[in-house]
Amino acid sequence: AIALGVLLLLMLILPFAFRGKIESIVKTEGNKMLNAQFDFRSLDISLFRNFPKASITLSNFWLRGVGEFENDTLVQAGEVVAAIDLLSLFGDSGYDISKIQIENTRLHAIVLADGRPNWDVMKPDSTSTDTEEEETTDDSPFKIQLQRFVIKNMNLIYDDQQGKMYADIQDFNATCAGDLGSERTTLKLEAETKSLTYKMNGIPFLANANISAEMDVDADLANNKYTLKDNTIRLNAIQAGIDGWVALKDPAIDMDLKLNTNDIGFKEILSLIPAIYATEFSSLKTDGTATLNATAKGTLLGDTVPAFNVDMQVKNAMFRYPALPAGVDQINISANVQNPGGN
């Protein structure tokens, strides 16, 4: 009982001993890395929240740009939590971060008409021919060895004024688990957004779409290549899988992807129409056959797009709401969109 009492007392007292030190390091490292304004209301340490890990929590964290973006808040998070190896608190070799969780966050990403983004806030790396000076510059008290990354209740607006693209994502939740500190790992991803609106050139391609995904990804982190394994993606009522891979070659993205829809009916196709999906969709009566196939292979870079093919066929379909006296029948659609790649 005495040993347990002493242990609990230490777990309550120790956070106060480290709070000032870690708060100073966070602000120092932030100012060292960021060409932006950032601050937080408070920093708290707990040895209970992620036991046996220590938890560092930043409350009301915000990040603003400078210059033309000084009045735009890029990130505002209600809470940012990092789980840190408890023993690393007592040493001077740095803090090992194994989990990061972000809650109640608003992101506002902007690309100006001249192509300048508001998220380019990292200071450029200072190059030096002196090896010892490089090692000193690269030394950071925080070592990211993530095993888990969690996002809860994130709202994001993406406003690309150059590409004339606009996206509004509401209530986004996601979990990524895997050994992000190794060169190769299997990432387990789960994500869902209650509402996604996407417009290009003022034309809405998605309006308040409900999207979710569960997937295992073979991640070659050394080469930034990600191969999709078991996965399920749902767009409104359409459920599908994707086979293939994506490789990030900054600034280009290479890909070879194929949409796999085994079971799809006309009702699932209709769910893409916002007015129909939002109005008593569960009671909608439908009939008819439908197929949907899509592929994308090549490079995405600026105006250069990969070769893609989208094919949708609907035969002898109908739909009707039970509350209405009549429906719509004899629906036949043959739609095929192809692009050989390039501009």
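Me: How many bridges join strand 13 to strand 14?
Reply: The model is predicted. Strand 13 covers residues 285–300, and strand 14 covers residues 307–320. The two run antiparallel. The number of bridges joining them is 12.

Me: Which residue stands opposite K285 in strand 14?
Reply: Strand 13 spans residues 285–300, running antiparallel to strand 14 at residues 307–320. K285 has its counterpart in strand 14. That residue is R320.

Me: Which residue takes a positive phi in the hairpin of strand 13 and strand 14?
Reply: Six residues lie between the strands of this hairpin. One of them has phi near 60 degrees. The residue is G302.

Me: How many bridges pair strand 14 and strand 15?
Reply: Strand 15 holds residues 328–339. Its pairing with strand 14 is antiparallel. Q313 stands opposite S334 of strand 15. The bridge count for strand 14 and strand 15 is nine.

Me: Is T291 buried or exposed, or does it count as partly exposed?
Reply: T291 is found in strand 13. Its relative accessibility is 38%. Buried needs under 20%, and exposed needs over 50%. The value lies in between, so T291 counts as partly exposed.

Me: What does T291 touch, not counting residues up to four places away in sequence?
Reply: T291 belongs to strand 13. K315 is 24 residues from T291 in sequence, with a C-alpha to C-alpha separation of 9.2 Å. A contact needs heavy atoms within 4.5 Å. With residues up to four places away left out, T291 touches I264, D311, M312 and Q313.

Me: What percentage of the protein's residues count as buried?
Reply: The protein has four helices and 15 strands. Its accessible surface comes to about 20,300 Å², with 54% belonging to carbon and sulfur atoms. The protein has 343 residues, and the share that counts as buried is 33%.

Methods. Residues numbered from 1 in each chain as written. Predicted model: local features only at pLDDT ≥ 70, side-chain atom pairs only at ≥ 80, totals over all residues. Heavy atoms only, no water. Buried < 20%, exposed > 50% of the residue type's maximum accessible area, 1.4 Å probe, protein only. Areas by Shrake-Rupley, 256 points an atom, 1.4 Å probe, with all protein chains shown as cover. Pairing = 2+ DSSP bridges.
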